[in-house]
Amino acid sequence: MYPAAELDIELKLLVDAIYLKYNYDFRNYSPASMKRRVLHALTQLEVATVSQLQDQILHKPDRFLDLLQYLTIPVSEMFRDPSYFRAIREQVVPILRTWPSFKIWIAGCSTGEEVYSMAILLKEENLLERAIIYATDINPHSLERAEAGIFALDSMKLFTSNYQKAGGKSSFSDYYTAGYGSALFDKSLKRNITFADHSLATDSVFSEMHFISCRNVLIYFNRPLQNRAFGLFHNSLVHRGFMGLGSKETVQFSDYAQNFEPFEARERIYRKV
Amino acid sequence: MATIRSAQPQTHALPLTVLIGASAGGVEALNRILPQLPADYPAAVVVVLHQPSEGPSLLVEVFSPRVRLLTKEADEKEPLVAGVIYFAPPGYHLLIETDGTLALSVDDPVLFCRPAIDVLFDSAAQALGSKAIGVVLTGANEDGAAGLARVQQAGGSAVVQDPADALVATMPEAALAAVPTAQILTATAIGQWLATLQPGGRHGAQ
Ligand SMILES: C[S@@+](CC[C@H](N)C(=O)[O-])C[C@H]1O[C@@H](n2cnc3c(N)ncnc32)[C@H](O)[C@@H]1O
């Protein structure tokens, strides 16, 4: 087993080095998950110690990109937690409809599953043309993959079942063309989507939003960093704008608890007050 | 005299913590263990049970009427408290931070499992050292074996359900292969033994 005392020291130094050199700020991430990911990266990248890894990433930017794939593990699903998307369709959409045009921000979009889910939902509600969607993440590889809109064909079974449970109105396979083990999603879905590099840890407000969905990102942040993200969301949202979180995330224990009210509490959908 | 001062992890403020991993047949095995734990229990209890990741967990509903401790689904950043049983939410890994708070993650499944017992046990070994008691129950895969070894290496105790008593013996057998010195007990006996834990007292026959 990797010696625990040294590991904690090395991890801190690694995270500081990454920040100083690349301005990626992992200093306020949950340590237990970071530790697991770095140890996993050591095995996969065949490096003996965290200190050696630090040496490599400081002198070889490509090595940092390799490590970033482990630090920001791209894990996502289309219509993950179908009841969340059902609540958007049934509760949020009628209010979005009252705005002549609206902006949606998917923060921490990973490889794009969540943003395509949103686009499909809006299309079925005849609202896609009225929407401007921003999909942001800190992992450039994930953003490229999101923009490509290509997903593994063997995920389609799960995605289809999620889509149906989320109240999908059509046949899921209408949205992609299958070939060579992958599913290429309909290009018209992404006509109004802008994919961009944006960090909730270091960047600021970039536009005024009506709905922000940030799911399964904040669980990796400590409280001060969660507060920073909630502050960004609060400042980005229009009056009475919406914020949706992951199924185990809440604004309740943050500094912004009073600035949001539950809209669909079970699904962690809030409204700016 | 030369002394080399080393920064020891500060575990004195953290509660004794029982970590239980179970898979196929787990509800029944847990049902033979958890109801035996007395009110005012001096340890926190953290349970990872493999189950379908869809929908809310029913474990709190199932166990709260049958046990004398408070039961809840684990929330991110809540501190471990003695006398409470925490269940890992379906679809999330559950970890323990070195400050004794709980953390959740949606990182990739480990051995096809999320929550994974190994993830909980690894983090508990690091965070709790000798205050961790790892228990591996019935199941059809090998999750928990590597983690139990970590718990023991870090000074914690290791307990494995007797494979003959387990609905599915694969998981306890794998755990015993990884930790041959673990205590082997039936589920009922594990419950009896856990019920006698003393606050801060030595525990665990090796
Ligand atoms: C587990 S994925 C969540 C994907 C999707 N939202 C979902 O729920 O399925 C977490 C994502 O958050 C991104 N992330 C991590 N830190 C971030 C930060 N500081 N700013 C923006 N995104 C971040 C990671 O790169 C990763 O793609």
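**Notes on the ligand site and a few residues to look at**

1. Residues from chains A and B surround the ligand, so the site is shared between chains. Please keep in mind as you read that this is a predicted model. In total, 19 residues surround the ligand, and the closest are Y29(A), S76(A), R80(A), E114(A) and D137(A).

2. What is the make-up of the shell around the ligand by class? It has eight nonpolar, seven polar and four charged residues.

3. A polar side-chain atom of N216(A) is 3.0 Å from an oxygen atom of the ligand. The side chain of S199(A) places an N or O atom 3.3 Å from a nitrogen atom of the ligand, and the side chain of S110(A) has an N or O atom 3.5 Å from a ligand oxygen. As for cover, the ligand on its own has 600 Å² of accessible area, and the protein covers 97% of that. The largest cavity is the space taken by the ligand.

4. Over in chain B, have a look at T138(B), which sits in the loop between β7 (132-136) and α4 (145-153). Is T138(B) buried or exposed? With a relative accessible area of 1%, T138(B) is buried, because buried means under 20%. A polar atom of the T138(B) side chain lies 3.0 Å from the backbone nitrogen of V168(B).

5. H40(A) belongs to helix α2 of chain A, residues 31-45. Its relative accessible area is 39%, so H40(A) counts as partly exposed. H40(A) and L71(A) are 31 residues apart in sequence, and their C-alpha atoms are 9.5 Å apart in space.

6. A word on backbone geometry before the next residues. Most residues other than glycine have a negative phi, and most peptide bonds are trans. Which peptide bond is cis, with omega near 5°? That is the bond from R114(B) to P115(B). P115(B) is in the loop between β6 (102-105) and α3 (117-128) of chain B.

7. F112(B) is found in the loop between β6 and α3 of chain B. F112(B) is not a glycine, yet its phi is positive, at about 65°. The relative accessible area of F112(B) is 85%, so this residue is exposed.

8. Finally, D40(B) has a positive phi of about 60°, although it is not a glycine. You will find D40(B) in the loop between α1 (26-33) and β2 (43-49) of chain B. D40(B) counts as exposed, because its relative accessibility is 77% and exposed means over 50%.

Notes:
Residues numbered from 1 in each chain as written. Chains lettered and ligands numbered in written order. Predicted model: local features only at pLDDT ≥ 70, side-chain atom pairs only at ≥ 80, totals over all residues. Heavy atoms only, no water. Near = heavy atom within 4 Å. Polar contact = N/O pair within 3.5 Å; in protein donor to acceptor, adjacent residues only side chain to side chain. Areas by Shrake-Rupley, 256 points an atom, 1.4 Å probe, with all protein chains shown as cover. 1 Å grid on protein atoms, 1.4 Å probe; cavity = no way out; pocket = protein on both sides within 12 Å on 5 of 7 lines; lining within 4 Å. Sits in = over half its atoms within 2 Å of the grid points. Nonpolar A, V, L, I, M, F, W, Y, C, P; charged D, E, K, R; others polar. Helix = DSSP H or I, 4+ residues; strand = E, 2+ residues; numbered from the N terminus. Buried < 20%, exposed > 50% of the residue type's maximum accessible area, 1.4 Å probe, protein only.
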